[in-house]
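User: Please take a close look at one residue here and at what lies around it. Start with the whole chain, then zoom in.

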Amino acid sequence: ALSEVPVTLVTASSEDYFDRLRNLVGSVHTAEPDLQILVYDMGLTRKQRREIGTWDGVRLRPYPFGKYPAHVRTLANYAWK
């Protein structure tokens, strides 16, 4: 186990990086099956969101773009980090 204290892995993905997200989640499930994962939706498709909904231990939340300046929505700027 990673820790005696509850730990959550936090990540984010857009439609273009969904294959990498799927790979990350699979690797985490293999190495740390009890680790909770929070994924921020930064432009996933409806089909991708439905698939994530079937993954154990994974929660999906919309990225709160409205809290940040407009340029943050342009993912290629990497300002969301």
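Analyst: The accessible surface of the protein comes to about 5800 Å². Carbon and sulfur atoms hold 51% of it. Areas here follow the Shrake-Rupley method with a 1.4 Å probe, and for residues only the protein chains shown count as cover. This is a predicted model, in which local features need pLDDT of at least 70, side-chain atom pairs count only at pLDDT 80 or more, and totals for chains, interfaces and linings use all residues. Residues are numbered from 1 along each chain as its sequence is written, and side-chain values use heavy atoms, leaving out hydrogens and water.

The C-alpha trace spans about 40 × 30 × 15 Å along its principal axes. The protein has 81 residues, of which 26% count as buried. Buried means under 20% relative accessible area, exposed means over 50%, and partly exposed lies in between (1.4 Å probe, protein chains only).

Now the elements. There are 2 helices and 3 strands, in the order β-α-β-α-β from the N terminus. These are DSSP runs numbered from the N terminus: helices are H or I with at least four residues, strands are E with at least two. Strands β1 (residues 8-13) and β2 (residues 36-41) run parallel, joined by 6 bridges. Strands pair if DSSP finds at least two bridges between them. Leu9, for one, has Ile37 of β2 as its bridge partner. With helix α1 (residues 18-31), β1 and β2 form a right-handed β-α-β unit. Right-handed means that, with the strands pointing away from the viewer, the path from the first strand over the helix to the second runs clockwise.

The largest nonpolar core has 11 residues, among them Phe18, Leu44 and Ile52. Such a core is a set of buried Ala, Val, Leu, Ile, Met, Phe, Trp, Tyr and Cys residues joined through side-chain atoms within 4.5 Å. α1 gives the most to this core, with 4 residues.

The close look falls on Gln48. It sits in helix α2 (residues 46-52). Gln48 counts as buried because its relative accessible area is 11%. Leaving out residues up to four places away in sequence, Gln48 touches Glu15 and Phe18. Contact means heavy atoms within 4.5 Å. The side chain of Gln48 also makes polar contacts: to the backbone oxygen of Glu15 at 3.4 Å, and to the backbone nitrogen of Thr45 at 2.9 Å. A polar contact is a pair of N or O atoms within 3.5 Å; within protein, one must be able to donate a hydrogen and the other to accept it, and residues adjacent in sequence count only if both atoms are side-chain atoms. Thr8 is 40 residues from Gln48 along the chain, and their C-alpha atoms are separated by 21 Å.

Glu15 and Phe18 turn up again in the surroundings of Leu44. Not counting residues up to four places away in sequence, Leu44 touches Ser13, Ser14, Glu15, Phe18, Arg49, Ile52 and Leu60. Leu60 belongs to strand β3 (residues 58-62). Leu60 counts as partly exposed because its relative accessibility is 30%. Beyond its neighbours within four places, Leu60 is in contact with residues including Val39, Arg49 and Ile52.
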